[in-house]
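Please read each point with the structure in view.

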Amino acid sequence: MARAPSGRYYIEIQRAGQASGEALLARSVALATRLRLPVVATHPVQFLDASDFKAHEARVCIAQGYLLGDQRRPRLFTPEQYFKSQEEMARLFADAPQALENSVEIARRCNLDIELGRTRLPAFPTPPGVTLDEHLAREARPGLERRMSALALDEEARTRHRKRLEFEIGTIVQMGFAGYFLIVADFINWARSHAVPVGPGRGSGAGSLVAYSLGITDLDPLRYELLFERFLNPERVSMPDFDIDFCQVGRDRVIDYVRQKYGAASVSQIATFGTMAARAVVRDVGRVLDLGYNFCDQIAKLIPVQPGRNVTLAEARKLEPLLAEREKNEDEVRELLALGEKLEGLVRNVGMHAGGVLIAPGRLTDYCPLYAAEGTHHVISQLDKDDVEAIGLVKFDFLGLTTLTVLDWAERAVRAMGMPQFALAGIALDDGATYELLSAGNTTAVFQLESRGMRDLIRRARPDRFEDVIALVALYRPGPMDLIPDFIARKHGEQRVDYLDARLEPILGPTYGIMVYQEQVMQIAQVIGGYTLGAADLLRRAMGKKKPEEMALQRDVFIAGAEKNGLARSKASQLFDLMEKFAGYGFNKSHAAAYALLAYQTAYMKAHHRAAFLAANLSAVMDDTEKVRQFYDDAIANGLTLLPPDINASDYRFVPVDAQRIRYGLGAVRGTGEAAIQAMVRARSDVPFADLFDFCRRVDKRHLNRRVVEALVRTGAFDSLDPHRARLLASVGRALEAAEQAERAVGQSSLFGEAEAPRGGREAYVDAEAWDPRRKLLEEKTALGFSISGHLFSIYERELAGFARSALVRLAPGERVWMAGVVAQARMQMTRRGRMMVLTLDDATAQVEITVFSELFEKCRDRIQEDALLVVAGKVQRDEFSGGLRVSADELLDLQTLRARFAARLRIAMNGQADAKRLQQVLAPYRACGPATCQVVVAYCNAAAACEVALGEAWRVRPESELLAELGAWLAPENVQLVYNGAAA
């Protein structure tokens with residue numbers, strides 16, 4: 001303080017209502033007087049109005065996890081910390097007016113000018129004496145020649161490409177964006193040269209031939225009529241914006257390269273700000289008000305959901321009368337919504353943009369503030385993507401796309417299995433097998449085409465050329481979906497294709513006369529209306545915004561140009577109306593074409609290299625059990641064999657063994673982890689494991705623990721060494737202990753001479769009873785998320801064979817039927833009528849959702865357990881939302897209830913094992929009369945004759961599981977069968 005410049009060091013004083021505030025103020029003034037320093041009055045503003053204090057406290061409680069009514073929570077703020085007026089501040093510091101004047105003095109001394117609208121690109125290094133513009137041309141021209149040679153273009157096409165390239169270079173140079181293209185090309189080509197897969201393009205950038213020549217994109221824009229002006233319009237100066245897809249695994253390596261090239265102080269990612277939307281704020285505020293979870297959930301679910309936009313609380317009251325009614329009648333709802341409305345839209349958390357990376361021409365701190373999240377070593381901008389662009393910094397989008405990782409792994413696998421020259425870049429785009437696979441709707445794991453609705457569309461469309469795939473990618477969205485029936489009918493010759501003018505046929509022919517793409521609107525404006533493509537892009541944008549006055553002006557320009565080009569005024573007006581209608585939801589063809597190429601490549605791999613492709617897909621989703629199950633089932637459906645996990649044969653990932661077999665990846669076993677699996681692979685590299693004890697001795701103990709070994713045993717990974725999983729699981733602790741003893745013994749021998757390490761062996765195992773089939777499958781499910789050696793329903797299938805029911809795969813809407821399956825999953829939902837349960841039933845032929853309404857749920861809730869068998873009666877309906885089927889249940893039976901209600905006879909085959917006395921002993925504990933019992937029938941046959949003997953009414957029995965198990969253990973399960981009466985529909 002003694003060295004502070006004269007008149008520039010102040011002592012701050014505040015009066016914000018803190019308990020010790022006046023004491024601190026008095027001491028601060030005394031200190032300032034003693035040191036002859038000026039004081040300045042400030043106010044720590046936290047909220048705008050005094051009435052906002054409670055809402056602010058609720059926000060603090062949301063962030064810190066406290067309840068608003070908790071008397072012991074920290075009170076960091078006071079009701080006085082609102083934005084006070086000049087008059088209020090003057091009254092507050094009436095005894096220190098000079099302190100207020102000093103705040104004005106400090107404000108006068110502060111000055112900051114932020115220049116907006118000027119682009120600040122980092123400097124890109126060029127050879128000595130070569131400008132950025134010259135360097136762009138030097139890189140693009142030979143790049144195009146290499147591309148044209150690879151495409152084997154004729155001379156006419158080469159001339160057209162060269163002319164287009166020179167036009168684009170001229171436009172880029174004129175607009176001052178040569179550096180931007182060179183920067184993007186540099187890090188993309190670094191990625192390609194360092195084995196990081198890059199997508200063929202994304203967004204409108206795929207329409208640039210310069211980008212194709214520099215290696216930024218991988219799709220020839222002239223071949224697919226992609227327009228440069230859709231990406232960079234010389235008549236509307238705006239920064240170009242390449243969105244780049246990188247392999248998910250290698251993306252961070254590319255960002256690290258950029259940090260090294262331009263300096264870590266000049267590169268950062270971008271902040272995003274998560275705000276409290278209506279439903280979230282209701283739940284958050286309800287929690288801090290200590291309202292019940294179910295109560296808050298009910299209120300939150302009354303707020304409508306509209307795709308593509310956030311419904312505010314104010315709008316929700318108008319859209320949902322019940323919400324407004326409850327607010328009027330219930331004090332708790334009124335308080336909840338009032339407090340929630342004050343917090344709605346406020347920032348709740350700071351995140352990081354999925355792909356945005358800033359590269360500044362100098363230190364980022366010279367241009368924008370930075371933020372470092374707790375626990376991270378990289379900083380991000382404090383400004384969001386819109387604000388960083390406003391101050392002139394350039395955002396580069398590095399997006400991670402798992403499909404590229406999958407294709408890379410699959411390509412490597414194909415090359416390793418005997419096709420060393422294979423490359424996706426060289427595949428033909430007219431492959432018949434690929435289009436057959438698409439037309440069959442076999443599109444699980446096919447990029448962009450795997451949803452239920454898209455599978456249905458593609459089966460109907462039956463694409464047979466690449467242009468069809470582009471169109472389907474573009475059409476499957478709200479709005480354009482209305483065009484799909486016409487598109488399919490015209491493609492298959494069921495509807496005539498007419499053109500208002502013959503000049504439209506080359507433009508609209510690839511989409512059967514339907515305007516699907518924005519580029520088609522631009523081409524029509526150019527060919528018919530006489531627009532330049534730059535002006536046509538402005539027309540497209542105007543049509544999308546639908547401003548009446550602008551559209552009226554554009555209509556006049558278009559009709560005048562069309563008349564000049566020989567089209568009648570009435571037809572020109574009709575054509576403009578069509579363009580205006582379709583431009584509102586026309587899709588960017590450049591983006592559709594680039595993503596259609598990825599879709600085609602994934603379909604090609606599935607058609608021709610199925611094992612490699614599906615192994616890669618399974619490896620990419622190992623952390624997601626549901627997706628592993630989906631791809632596993634798809635592999636089986638496509639004729640592949642999934643070899644079980646094996647401690648001596650499996651790797652971390654799923655590996656294709658040959659064209660028809662995939663070895664299960666140990667990384668998909670729950671609770672293992674890559675480090676543990678890699679340690680196992682290293683340990684067996686020279687000699688396979690001999691048994692469980694050998695395994696535990698040889699694997700690095702830093703990565704091996706009991707949970708890992710038990711999970712591997714449950715999956716059957718040790719079956720090739722010992723199939724007795726129950727004994728292995730019981731012996732894991734002993735094997736690990738023996739391994740530790742062996743390590744200690746080795747350590748002692750190094751100090752005191754030779755010592756023999758304890759050896760494990762079969763005699764060291766813990767005895768345990770073998771698992772029955774159900775236990776075996778459930779243990780697999782515990783470790784893998786689902787069973788791979790069989791299906792749980794198969795355990796009950798033989799018994800249920802005599803019960804009249806429909807297989808789930810054969811269900812049809814409109815019927816009331818009986819069905820059976822195991823409960824794959826169950827979730828509770830709250831409705832206005834109370835609690836409801838939604839079950840997923842699985843019988844190995846299909847899965848179907850079962851809705852169990854509140855009354856039936858309360859009656860049968862004890863029967864609803866995951867992995868349990870359920871027999872259901874209900875009506876089958878079409879689910880309009882998912883496109884599948886759902887069932888409204890009216891009866892739920894577990895196995896015991898089914899037996900008690902419908903079992904008519906217990907048939908026992910005694911072939912060669914007739915022992916009346918033992919049979920009597922087994923049946924005796926279960927003898928009973930009346931309902932829930934069944935008759936016993938003994939069947940006997942030999943070489944000469946066969947007969948069935950029904951035991952008398954005195955020997956009726958309760959068909960309990962214990963009885964069936966005891967009889968099955970004695971006579972074998974296939975000799976014990978319950979015979980059911982038919983179930984009434």
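**Notes on the predicted model**

1. The protein's 124 positive and 128 negative charges have mean positions that lie 1 Å apart. The coordinates behind this value, and behind every value in this note, belong to a predicted model.

2. As for secondary structure, the protein contains 38 helices and 20 strands. Along the principal axes, its C-alpha atoms fill a box of roughly 110 × 90 × 85 Å.

3. The protein has 985 residues, and 49% of them are buried. Here a residue is called buried when its relative accessible area is under 20%.

4. Contacts within the chain may be sorted by separation in sequence. Of those in the protein between residues at least 6 apart, 69% join residues that are at least 24 apart.

5. A probe the size of a water molecule, rolled over the atoms, shows where empty space is left. The largest pocket found in this model has a volume of about 1800 Å³. Its lining consists of 49 residues, and those nearest the centre of the pocket are D633, T840, D842, A846 and Q847.

6. Which elements give two or more residues to the lining of the largest pocket? They are the helices α18 (452-461) and α28 (625-637), together with the strands β12 (816-831), β13 (834-842) and β14 (847-852). The largest share of this lining comes from α28, which provides nine residues.

Notes. Residues are numbered from 1 along each chain as its sequence is written. This is a predicted model: local features need pLDDT of at least 70, side-chain atom pairs count only at pLDDT 80 or more; totals for chains, interfaces and linings use all residues. Side-chain values use heavy atoms; hydrogens and water are left out. Helices (H or I, at least four residues) and strands (E, at least two) are DSSP runs, numbered from the N terminus. Buried means under 20% relative accessible area, exposed over 50%, partly exposed in between (1.4 Å probe, protein chains only). Contact means heavy atoms within 4.5 Å. Lys and Arg count as positive and Asp and Glu as negative; His and the chain ends are not counted. The place of a charge is taken as NZ of Lys, CZ of Arg, CG of Asp or CD of Glu. On a 1 Å grid over the protein atoms alone, a cavity is a set of points where a 1.4 Å probe fits but cannot get out, and a pocket is an open set with protein on both sides within 12 Å along at least five of seven lines; lining residues have an atom within 4 Å of a point. Grid points are joined across faces, edges and corners, and a volume is the space filled by probe spheres set on the points.
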